[in-house]
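User: Hi, I'm new to reading structures. Can you walk me through this one?
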Amino acid sequence: MTGFYSTRLSRHLKKMMKYMRYVFNDHFILVCVFLLGGLGFYYSETLKTLPKDFVWGRMIVAVIWLVTLLFGKIATLAEEADKVFILPKEPEMKGYLLRAVRYSFWLPFITLLLVSGMTMPLVVISTGWTFSTFFFFLATLAFLKISHLLLQKYELYQISTSQRQGGVILWALTSLLIILSGLYVSPYVGLALGLFQSVCFYFILKRKEQEVSLDWEGMIQKEKNRMHQIYQFIHLFTDVPEITSSVKRRKIFDPLLNRIKKNTANTYFYLYGRSFIRGSEFSGLFLRLVFVGGIILLFLKEFWISLGVSVLFIYLIGFQLIPIYVRFDYMIMTHLYPIPMKQKKQAVSQLITWLLLIAAILFSIFVIIALPVFSEVLVIIGALAVEVVLFSKIYVPYRLKKMEG
């Protein structure tokens, strides 16, 4: 069964790699570099203001590490047909699930590596220890994550809700105590306790698993939920067949649609506006980007970083909205409209202009709250206004022309 898991894993990775080239595009990398650079600068400046033996430093790090340990679920790659065709192989599923645990460990480990590396300066300031203790803390967190994955494997079996809740509470409490022991007592103590916890979880849960059967329905549903979360993230960058957008009435926005004059000149503008408001694909994308950008701007106090983030997010919002142009190309009726294609382009540009204006206004409000100098606020507002005009009047027509080939 381990070979069977390897076959499924190869197929799964091939599918994910197909999507990753859309996710890790130039725009996403640019945003990550810009945000990480800005946050890193803000973080380093904050560390300089902290006193030696910062009292709350260890507790803050402990909470961050514990939350990071929750990232990463066991990837069983189970499918709907398994409850029929793989059911006779249940006695051999132990090797399959251990293989799943080993594969599921590496992505959370990379996350722990990055997070623990970023929090080490705070650890050094709070404890006075050297940076070499980083490797002991990383190993401790790795053992705790192994215990977490073993617990998730145990939850795939037919156990009661109280057993599930008890296991989670036990793991969370012991993990927190181990992290605090490493931070307040010694990194060596934390490492020893982390190793002890993982060994105990392995043998105790292994014995308990022999007493129960697999919950095939639950395992398949957990894998569906895990993949749905992955597809939702990928859906921010490209269309995913596994994600179907929903349509809602949203009657509260009818007054906005009614303000559009019902004449031939506004046919496509009304169509695109109605699609944006009642659909979840583009409206959800717009709201998420505005929310993330607004939260970031709300906590930024540096003028140049705020200017860069606001301009960058306006560009990202507009760029992600451009594909609405081909939203109705699959409908034969739109090809029968006695309306010139020029009006279709104008409608998309008009819709994007209004949406970017709304985003720019919201970003301006966040900037007004965050920045103390009003002259700097005016510069950012002016930059956003210029960007909206240039984007909608120059870049959007260029992209639409390029999309038509």
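Analyst: Let's start with helix 6. Of its 21 residues, 16 are buried, so helix 6 is largely enclosed by the rest of the structure. Buried means under 20% relative accessible area, exposed means over 50%, and partly exposed is in between (1.4 Å probe, protein chains only). Helices (H or I, at least four residues) and strands (E, at least two) are DSSP runs, numbered from the N terminus.

User: What kind of model is this, and how are residues numbered?
Analyst: This is a predicted model, where local features need pLDDT of at least 70, side-chain atom pairs count only at pLDDT 80 or more, and totals for chains, interfaces and linings use all residues. Residues are numbered from 1 along each chain as its sequence is written, and side-chain values use heavy atoms, with hydrogens and water left out.

User: Back to helix 6. How far does it reach from its first C-alpha to its last?
Analyst: Helix 6 reaches 30 Å, close to the 30 Å expected at 1.5 Å a residue. The expected span is 1.5 Å times one less than the number of residues.

User: What sits in the loop between helix 5 and helix 6?
Analyst: Threonine 133 is found there. At 10% relative accessibility, threonine 133 counts as buried.

User: Which residues does threonine 133 touch?
Analyst: Met120 and Pro187, not counting residues up to four places away in sequence. Contact means heavy atoms within 4.5 Å.

User: Zooming out, how many helices and strands are there?
Analyst: The protein has 16 helices and zero strands. Its C-alpha atoms fill a box of roughly 70 × 60 × 40 Å, taken along the principal axes. Buried residues make up 43% of the 405 residues.

User: How many residues are in the largest nonpolar core?
Analyst: That core has 50 residues, and those with the most contacts inside it include Trp65, Leu69 and Met93. A nonpolar core is a set of buried Ala, Val, Leu, Ile, Met, Phe, Trp, Tyr and Cys residues joined through side-chain atoms within 4.5 Å.

User: Which helix gives the largest share?
Analyst: Helix 5, with 12 residues. A second, separate core has 46 residues, among them Phe313, Ile322, Leu351 and Leu400.

User: New topic. What is the phi of leucine 77?
Analyst: It is positive, about 55 degrees, although leucine 77 is not a glycine. Most residues other than glycine have a negative phi. Leucine 77 lies in the loop between helix 3 and helix 4. At 8% relative accessibility, leucine 77 counts as buried.

User: And where is arginine 288?
Analyst: In helix 12, residues 281–299. Arginine 288 is partly exposed, with a relative accessible area of 39%. The buried residues of helix 12 include Phe282, Leu285, Phe286 and Leu289.

User: How far apart are the end C-alpha atoms of helix 12?
Analyst: They are 28 Å apart, which agrees with the 27 Å that its 19 residues should span at 1.5 Å a residue.

User: Last one. At what angle do helix 13 and helix 16 pack?
Analyst: About 25 degrees, with their axes 10 Å apart. Axes are lines fitted to C-alpha atoms, for helices over the stretch in contact, and angles run from 0 to 180 degrees between N-to-C directions. Helix 13 and helix 16 are therefore roughly parallel to each other. Angles under 35 degrees count as roughly parallel, over 145 as roughly antiparallel, 65 to 115 as roughly perpendicular and the rest as oblique.

User: Which residues meet there?
Analyst: Among them, Phe303, Leu307 and Ile314 are in helix 13, while Val379, Leu384 and Phe391 are in helix 16.
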